[in-house]
Amino acid sequence: MEKNRRGSILKKKFIVPAVLSSALLVGSIPVGNVFAKPVDSKVASSVQASKKWNEKASVPVFVKERFAEKFSSSNPSNALNYLKKNEGKTGIKNPDKYLKVKDSQKDKLGMTNVRFNQSINGVNVEGSEVIVHFNKNNEVVSVNGRVNQTIADDAVDTTASLSSDAALKQALSSVNAPEELTYEPTSELVVYPFEGENHTAYKVNVNFMGDEPGNWFVFVDANTGEIIDKYNGLMHADEMKTQKGAGKGVHGAHRELHITQVKEPKSGTQFALADYSHNGLDGILTYDAKNDNSSSNDTLYVGNSAAFIGDYDRALVDAHYNSEKVYDYYLIEHGRNSLDGEGMAIISKVHYGNNYNNASWNGRWMTYGDGDGEFFISLSAGLDVAAHEMTHGVITHTANLVYRNQSGALNESFADVFGALVDDDDWEMGEDIMAPAAKADGVTRLRSLSNPNSVAVSNAERAAYGSGVYPAHMDEFYHMPTSVDGGGVHVNSSITNHAAYLIGQEIGRHKLGQIYYRAISVYLTPNSDFSDARKAIVQSAIDIYGEGSKEEAAAAAGFDSVGIY
């Protein structure tokens with residue numbers, strides 16, 4: 001039976017309602033042995049050699065021109081011409097051979113940003129991107145990104161003897177994927193640098209719900225079928241007229257809502273939590289996940305009146321209301337139309353699981369649990385939680401920060417920062433979703449941007465790698481293996497969170513948001529680390545407010561204060 005099921009894997013049932021995902025938190029993890037055993041010198045030497053190779057496989061590039069070179073136009077061809085002339089300055093060898101245009105976009109400052117993938121024989125090198133920035137006078141003013149410098153030294157065979165279907169089967173098996181997937185898996189042939197070798201591999205993305213939801217990225221050797229690496233990136237008709245309705249939120253607040261009339265055959269008029277009132281947006285849609293672990297029976301939430309005031313309605317009302325608030329923030333503050341910038345539908349699934357203590361963005365929609373009533377109440381009650389999850393969606397479609405180690409911590413941090421910017425009452429995360437029992441025990445929020453050390457790391461396995469409280473400085477960095485919190489994505493994010501808070505105190509929330517949005521949409525690349533983020537944020541401040549401005553000084557000082565250079 002197992003063989004037959006996997007043999008017909010492409011006939012799986014795909015649930016497609018309407019893409020990096022991340023959970024706001026994670027559930028409890030059993031504590032393991034966190035004390036490392038002694039290693040002999042040979043092993044230590046091998047580890048050090050691998051570390052040096054991996055550092056060379058992801059080398060940061062940041063060149064700022066003092067005397068900008070002017071071109072006839074700001075296009076990919078001229079960007080490549082600049083890189084060819086300046087190999088010594090950028091450290092990017094043979095750019096015409098190893099770089100492939102990904103996109104070219106003009107931003108609201110009039111600058112044109114040409115983004116390249118590093119590639120071999122047309123196959124992208126995973127995580128390696130370079131961006132050339134032209135000013136409005138067609139002058140190259142800076143270049144940034146990360147490149148794999150081992151490519152020039154190593155002969156990389158990019159042929160694949162394994163089919164993508166065979167790689168998909170291997171990937172599904174490696175993550176114990178259930179029969180029902182939320183959307184059709186994707187597979188891309190890439191060059192994947194990992195532990196001292198450039199592998200030709202299929203990068204397979206598999207997404208599913210269930211007891212342990214997953215948005216897995218699996219790297220399958222394109223010739224042997226072996227699993228090289230994997231990580232869970234769960235971070236999670238007829239014309240209709242939208243009208244105004246009302247509802248009551250989790251905390252009893254009155255909410256004005258945009259809803260839509262629906263009429264089924266042989267039944268009266270009902271009202272759906274579906275908002276089609278925004279031009280160019282495919283809709284804000286709120287689904288009932290019905291307290292199970294499956295996506296197959298999730299339905300758009302419908303009521304018999306335009307007033308959603310029942311107890312079961314409350315979590316759905318807040319998810320619907322908060323989604324519109326976050327959409328409005330990105331549109332008004334940054335001119336961004338939805339998470340992808342192109343009007344994709346904003347979908348929330350509420351009442352997921354049983355006593356589920358989490359909220360997540362799975363790459364296509366937000367999922368909200370009801371909490372267990374002891375630690376959390378309904379997670380959709382938090383505007384900052386909605387903004388956090390939806391920002392993961394924005395990051396997916398901009399910098400696409402890889403969800404582990406420092407790039408993953410940045411992914412979490414930007415989600416927290418924009419959570420605090422949208423929910424601008426304070427600089428805390430999750431204060432509206434804590435249950436009375438948790439508050440009675442002194443746990444009044446999940447994380448604090450203003451004072452990270454004031455919040456204990458509640459997960460014992462993570463806490464064992466540091467002081468037991470969230471770090472506010474690089475001196476307090478938690479050095480974790482990727483098997484624990486993806487290398488510290490939820491813990492070490494508080495260091496860069498605190499930098500953002502310090503910058504915001506100097507220049508205000510509006511300017512902080514402008515600078516941070518520019519950093520993720522113009523400068524950061526998938527493997528960016530904390531130091532890259534500092535450079536991107538300082539440069540963004542210069543772009544918007546000028547060289548020598550107080551905003552540039554505040555950005556630099558904020559990162560100085562937390563030990564990031």
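1. Helix α13 (residues 493–507) has 15 residues, which at 1.5 Å a residue should span 21 Å, and the 21 Å between its end C-alpha atoms agrees with this; the expected span is taken as 1.5 Å times one less than the number of residues. Helices here are DSSP runs of H or I of at least four residues, strands are runs of E of at least two, and both are numbered from the N terminus.

2. A word on the basis of these values: this is a predicted model, in which local features need pLDDT of at least 70 and side-chain atom pairs count only at pLDDT 80 or more, while totals for chains, interfaces and linings use all residues. Residues are numbered from 1 along each chain as its sequence is written, and side-chain values use heavy atoms, with hydrogens and water left out.

3. Helix α13 is mostly covered, with 12 of its 15 residues buried, where buried means under 20% relative accessible area, exposed over 50%, and partly exposed in between, using a 1.4 Å probe and protein chains only. Among the buried residues are His498, Ala500 and Tyr501, and the cover over the buried part of α13 includes α9 (405–422), α12 (485–488), α14 (509–523), α15 (530–545) and α16 (550–561). After the helix comes Gly508, whose phi is positive, near 95°.

4. Ser450, in the loop between β25 (447–448) and α11 (460–463), counts as partly exposed because its relative accessibility is 25%. Leaving aside residues up to four places away in sequence, Ser450 touches Trp427, Glu428, His498 and Tyr501, contact meaning heavy atoms within 4.5 Å. The C-alpha atoms of Ser450 and Ala500 are 9.0 Å apart, although 50 residues separate the two along the chain.

5. The side chain of Ser450 makes polar contacts with the side chains of Glu428, at 3.0 Å, and Ser448, at 3.2 Å. A polar contact is a pair of N or O atoms within 3.5 Å; within protein, one must be able to donate a hydrogen and the other to accept it, and residues adjacent in sequence count only if both atoms are side-chain atoms.

6. The largest nonpolar core has 83 residues, and those with the most contacts inside it are Tyr368, Phe414, Phe418 and Tyr516; its largest share, 9 residues, comes from helix α7 (residues 313–334). Such a core is a set of buried Ala, Val, Leu, Ile, Met, Phe, Trp, Tyr and Cys residues joined through side-chain atoms within 4.5 Å.

7. For the chain as a whole, the secondary structure comes to 16 helices and 25 strands, and 57% of the 565 residues count as buried.
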